[in-house]
Amino acid sequence: AVGLPPRISRPWAYSACPSCPCPQTNLACIDADCRPVNSGFIELGKGPWDDVNATPATAVGFRACAKACEASDGFAFLLEESGRCLLIHEPRLTQDTALKGTSIRGRTAFRRTSCSTFSCPAGTAPTPTMPTPRSEESEEVSAAACCRCSANQVRDRSKEPDLVCVVCPAGRAAKNDDCHACTEGYAPEGASECAACPTGEIPDHGRTDCTPCAPGEYADGETCRLCRFPRFLNDNNCIWWHLPMIVLLLLFCSALVFLGHRITKRRRRRWTERREEEVNQILQQLEQELWHEKLNTMNRFFVALSGFGWSWNQVCQRAEEIRARHSAHAGVSLAYLMGDFSRVAYDWSGEDDPTFLRLKEVFWQGEEKLGSDIRCPRDGRPGCALVDWLSPEHRQMQTHFMSWSWQYSLQQLQSAMKMWRGTTTLDFQEVFFYICFFVNNQFRIIVEGSAIGSDNLEEVFEKNLRRIGRVVAVLDTWQQPVYLQRVWTIYEQYVACSLQVPVTFVMPEHASVSLSDQISRGASGIDDVTSSLCHVDVADARAFDPRDEEKVKRTIECTVGFDRVNQHVKHAMIQWIGVVVKEKFQRLVDAADREDVFSV
């Protein structure tokens, strides 16, 4: 509150002392507490009050000190226990904590009341404009001077200096602490403002209430008027009779326009959907025919799509997108691996059974590089993937993913594929493998050393594995196979197992025969096979490209860790061994049954 001491240490306390706002006018609000008021002075309490600005007075006792303070226009006074009085004229009153514990006894402080500390009666509020602390010494302190009535009441001037609030009579409203007669609308008793009458009513003569207009009349301002033909009354509005008809006609026309718009929009949407469906069918046909593209393919489809507003450039651009997708999704046929590829490998390497590492050298690391003169459909630059170099009948949509190693020789791979053909009913003319040697653009990776070709191999691998959905894993042998020493093949096994993609294991014929003989030895042979195939340690696995090795191992470390991958691959090997053992003993049982039949 304005005029309160800037610093007060309060060692005193009153029991059951209410907090501000104070409920009675004989209590003053000081520092959020209600203090008692006596003879126009507020008792601040007893304590070591500072007497630097105090002037001794001859008065003795509270009453005499209060009169002396009023007579000298003092702000406050200190009353000692002896009754001696000290007057304070400046609005500053503090307690000096340094005096505590000294021989000076406590003094009781009193300060003059003001509107800033006055407690207004219930139903009233402090006046908005409060006097400054300097002028508080001479202000009148009373309810009439310090308080105002609520919004719907006015002051009864005849009761001053007491503050008596009354409500205004009907027809008048409280405004600026006075009752003013309503010039518009009406005001019931105790109203704070004049209000407009409800629709169809006018104020009465004294503006104390509202009176409804008679039937057939409407309220025009504050007068009831009769609504005559050709007008009619509608919700206190006297309108022409034909206006509703016009409104109904407009609504009807709007409904027709809206309905016509909806029908037109629906027909247009259906027409657009039919055209889009027809275009999609043509594009699907284009995608199928581009697998076996002929000289007139583009011209035929341009004629078909031009009827839908397609330009030659748009058709060519879509064809380029399809060719790029075909290039990434094309696999090498099993028939080509088992036949024509042997002649290509011999022509380039001069060897009957070269390894794929040897083919890598002769294909892409010699003076003449395979595919260097062919434009790559994926990026439009010279130098294509080996699969793009093949004729259309040997490159179609991938059906199987091959997990293998470039250390294998061509005849090893062909022998393994021959063994796999004996286990499947699929037509080998319709089997197309995703083989990294053929599908990845080795010209970019090996010849140009581009990071574009190898940095995302693991991402491409997982995406293709999900899309293809079948894996054929080629092991070179069961005795310490190279397959389990290469980081890529171990990683491929782990991802296939994690994605629950079915994996078929296969080996060359001589390795399969050796595995069958080993299993025939019984428990010891099976233990040897299990021990060999379960020796998996991805941390020690290698890759030909150190970047690939570092990248794959970092990927494993940052995700599941080496141990998890090792356990997954070991589990896959054990399951495969179990299947092989089961098939081996099933063949033995079948052979024994046939012998029994013949002996009979």
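Mentor: Let's begin with two terms. Helices are DSSP runs of H or I with at least four residues, strands are runs of E with at least two, and both are numbered from the N terminus. An axis is a line fitted to C-alpha atoms, for helices over the stretch in contact, and angles between N-to-C directions run from 0 to 180 degrees. Before we zoom in, note that this is a predicted model, where local features need pLDDT of at least 70 and side-chain atom pairs count only at pLDDT 80 or more, while totals for chains, interfaces and linings use all residues. Residues are numbered from 1 along each chain as its sequence is written, and side-chain values use heavy atoms, leaving out hydrogens and water.

First, the setting. The protein chain has 19 helices and 25 strands. Of its 600 residues, 40% are buried, where buried means under 20% relative accessible area, exposed over 50% and partly exposed in between, with a 1.4 Å probe and protein chains only. Among contacts in the chain with a separation of 6 or more, 60% join residues 24 or more positions apart; a contact means heavy atoms within 4.5 Å.

Now for our part: helices α7 and α8. Two packed helices are described by the angle between their axes and the distance between the axes. Helix α7 covers residues 340-349 and helix α8 covers residues 356-364; their axes come within 9 Å and cross at roughly 60°. The two helices are therefore oblique to each other. For that label, angles under 35 degrees count as roughly parallel, over 145 as roughly antiparallel, 65 to 115 as roughly perpendicular, and the rest as oblique.

The crossing of α7 past α8 is left-handed. That word applies if the near helix is turned anticlockwise from the far one by less than a right angle; clockwise would be right-handed.

Which residues do the touching? From α7 come F341, V344, A345, W348 and S349, and from α8 come F356, R358, L359, V362 and F363. Sorted by class, this contact has eight nonpolar residues, one polar and one charged. Here Ala, Val, Leu, Ile, Met, Phe, Trp, Tyr, Cys and Pro count as nonpolar, Asp, Glu, Lys and Arg as charged, and the others, Gly among them, as polar.

A residue from another helix joins the picture. L410 belongs to helix α10, residues 410-421. Leaving out residues up to four places away in sequence, L410 touches F341, S342, A345, D353, P354 and F356. L410 and P354 are 56 residues apart along the chain, yet their C-alpha atoms are separated by 6.0 Å. With a relative accessible area of 1%, L410 is buried.

For contrast, look at another helix pair. The axes of α15 (residues 487-498) and α18 (residues 546-558) come within 10 Å and cross at roughly 30°, so these helices are roughly parallel. The crossing of α15 past α18 is also left-handed. Here V487, W488 and Y491 in α15 meet D548, E549, V552, K553, T555 and I556 in α18. The residues of that contact divide into five nonpolar, one polar and three charged.
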